[in-house]
Amino acid sequence: MNYRAEIDGLRAIAVILVVLFHLGLTRFGQGGFIGVDVFFVISGYLITGHLRRDMHKGWTAIGDFYHRRALRIFPALVVVYVVCSLIELSVSFPSNVVDYRNTLLSSILFVSNMFFFFTLDYFDFAAHSNALLHTWSLSVEEQFYIVLPLLFLIMPKSSDRKLFWFLTAILVVSLVASEWVLRIQPSASFYIMPLRAWELLAGSVLSLGYVPKLKGRWIAEAMTAAGVLIIVASSLMLTATSPFPGLNAIPAVLGTAMVLYANDGPRPLLGRLMSIWPAQFFGKISYSLYLWHWPVIVYATYFLPGHGKVDKVILFAISIALATLSYYFVEQPFRTKKMRALPNRRTLGTSAAGIGLIAVLALVLPPLSDARWPANEAAETALATIEDPRHTEAMRRDTCFLSGTATTLAAECVTLSDTRPNVLVLGDSHAAMLWPGLQQTYPQINFLQANGASCNPLKPSVHPVCRGALVEGPRDVLASGRLDAIIVTARWYSENLGGVRERLTELSDMAETVIHVGPFPEYYMPFPEALARADYANNPALIERYTNKTMGRLDDRLADVTKGTGAVYISAYDLVCPQECIRRTPDGTPLMFDNDHLTVEGSLLFANMIAEQIPLPSAD
């Protein structure tokens, strides 16, 4: 397949969208995660073209294919593994190193997508801070490329047309399954290869050449422009809470396919514009930039907590610099004719040996980390809080607090009492964390619970979890007229305050009292880890370095928004941080078990703190 310069332009768009999304530049990249889907289509298009060209060689073609994949994928990836492992050993606590070790082992075997599907938890902040989290997409690709060559071998005498329709049928089945599974198990639809295969197959079927060629240059011009606009529009319209992938991934996949299709011949003007130097530069370093940007963001938390706008620009620049070095000094030397001419057996054997050495490195990291950190009882007690499951179990996960594996509230969560006052706790995980303390502090009240992970209670998204938790689940009790009070809260962001005033006013018509609880203090790493670092350094003030200082300003905005709605505003921030923020409960338990969720003891403490302020009904 001849070099197609506009493909590097597409890669540039894809990788920039992903980096903007991970940097949190939401105004320009709130749906930037679709960059991965663009990569999938490009990959399927190119790889299928190569396989189609060589498959007359039979099993030799399979060896040649994996030879090229090894030279393309492994060198830069191994360097990232080694550098991340060394940094991990120097900055992370032993428990985090164990998590990293497990990810590294799954990543070198290209099963990290399955590892994250089975182990990644909504509250697993350490996983989201894992420098290798982004390797899930590489695993999806490599699993696809184990299956695809075998499909070519299964049909050696079939025509390309039969293969086209065969792959198209698989594409349709994969897409339908992706949308169906998204409604019942969203994380499976996201991580599992057969449910993402349709995106790679979109490129595959296009590369077979059985889509009729375009006639007329103006059609190619229009299709290229439309394809790019669809990709960009999709990135702007989708958010992190949008149901994805499923049908919502179609625009990114379709837009990418349109650009590839329209440029398969004389390139239109926009295709040529995508071939200019800046686009080509980012396209060529896109693989290395994808590999490096996430570790840079993750490890910056230890040195630049908070990531202000200037910091994010600096992190972007560092990522580009590392990617450039990686491209020219690691990727390119392994993509020369001399390297491609090496015997397949030698290349694949060397790759296997490299995997073995990385596996050994992964296995020795935890004992080395244990030796690095001396015994510190206070720090170890704090860190143990992160691993304690009772704090999330107390929220009644997947029963009254839906976090991904269930999309329907259990009946007991929204059952009204005839003998006790009824109070609905409505919101996301920040509402769920209040439930343990409230039901212990007010045993005379029947607390109903309707909570969904990452779901705005005042403007629920169409995500199945959010609809089940905040719309369908509490619909009857909200309409019953029997609620004595509604307590509503969430993890607020400055950009999701639109409609808060109107919704609070609506809720005030559904209950005698509406209590709006404002934001809690937040930290840039799990709070127990910040405590532990302060304990090891014997410097309590160190915690301030990891404190998100914007929450106080957000608290003031929410207090203003609540005025005139009929709701009572409770400033959680002022209660927890009157001057210096509360760090531990009276029994010594950290107030929070991750970066922004109360422990069971913290929930009880907060419920007692608001007992004098909160106008809840009595049993009488």
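Leaving out neighbours within four places in sequence, Phe447 is in contact (heavy atoms within 4.5 Å) with Arg396, Val423, Val425, Trp435, Leu438, Gln439, Tyr442, Ile487 and Leu616. This is a predicted model, in which local features need pLDDT of at least 70 and side-chain atom pairs count only at pLDDT 80 or more, while totals for chains, interfaces and linings use all residues. Residues are numbered from 1 along each chain as its sequence is written, and side-chain values use heavy atoms, with hydrogens and water left out.

A nonpolar core here is a set of buried Ala, Val, Leu, Ile, Met, Phe, Trp, Tyr and Cys residues joined through side-chain atoms within 4.5 Å; buried means under 20% relative accessible area, exposed over 50%, and partly exposed in between, with a 1.4 Å probe and protein chains only. Helices (H or I, at least four residues) and strands (E, at least two) are DSSP runs numbered from the N terminus. In soluble globular proteins, nonpolar side chains tend to be buried together.

Let us stay with helix 16 and look at its partner. The axes of helix 1 (residues 5-23) and helix 16 come within 10 Å and cross at roughly 5 degrees, so helix 1 is roughly parallel to helix 16. Axes are lines fitted to C-alpha atoms, for helices over the stretch in contact, and angles run from 0 to 180 degrees between N-to-C directions. Angles under 35 degrees count as roughly parallel, over 145 as roughly antiparallel, 65 to 115 as roughly perpendicular and the rest as oblique. On the helix 1 side, Arg11, Val15, Val18, Val19, His22 and Leu23 meet Ser286, Leu289, Tyr290, His293, Trp294 and Ile297 of helix 16. Ser286 is buried, at a relative accessible area of 2%, and touches Arg11, Val15 and Phe39, residues up to four places away in sequence not being counted. Helix 15 (residues 277-284) has Ala279, Gln280, Phe281, Phe282 and Gly283 buried, and their cover includes helix 1, helix 16 and helix 17 (309-331).

Ser107 is buried, with a relative accessible area of 2%; neighbours within four places aside, Ser107 is in contact with Tyr81, Ser112 and Thr135.

Rings of Phe, Tyr and Trp (its six-membered ring) pair if their centres lie within 6.5 Å; planes under 30 degrees apart count as stacked, over 60 as edge-to-face and the rest as tilted. By this rule there are 25 aromatic pairs. The rings of Tyr327 and Tyr328 have centres 4.9 Å apart and planes at 80 degrees, so this pair is edge-to-face. Tyr327 is buried at 8% relative accessibility, whereas Tyr328 is partly exposed at 45%. Arg196 lies over the face of Phe190, 5.0 Å from the ring centre, and Arg533 over that of Phe93, at 4.5 Å. For such a placement, NZ of Lys or CZ of Arg must be within 6 Å of the ring centre and within 35 degrees of the ring normal.

Finally, a few backbone details. Most residues other than glycine have a negative phi, and most peptide bonds are trans. The peptide bond from Phe244 to Pro245 is cis, with omega near 10 degrees, and Pro245 lies in the loop between helix 12 (217-237) and helix 13 (250-262). Asp398 has a positive phi of about 60 degrees although it is not a glycine, and is partly exposed at 29%. Asn538, in the loop between helix 27 (527-537) and helix 28 (551-562), has a positive phi near 55 degrees and is exposed at 69%.
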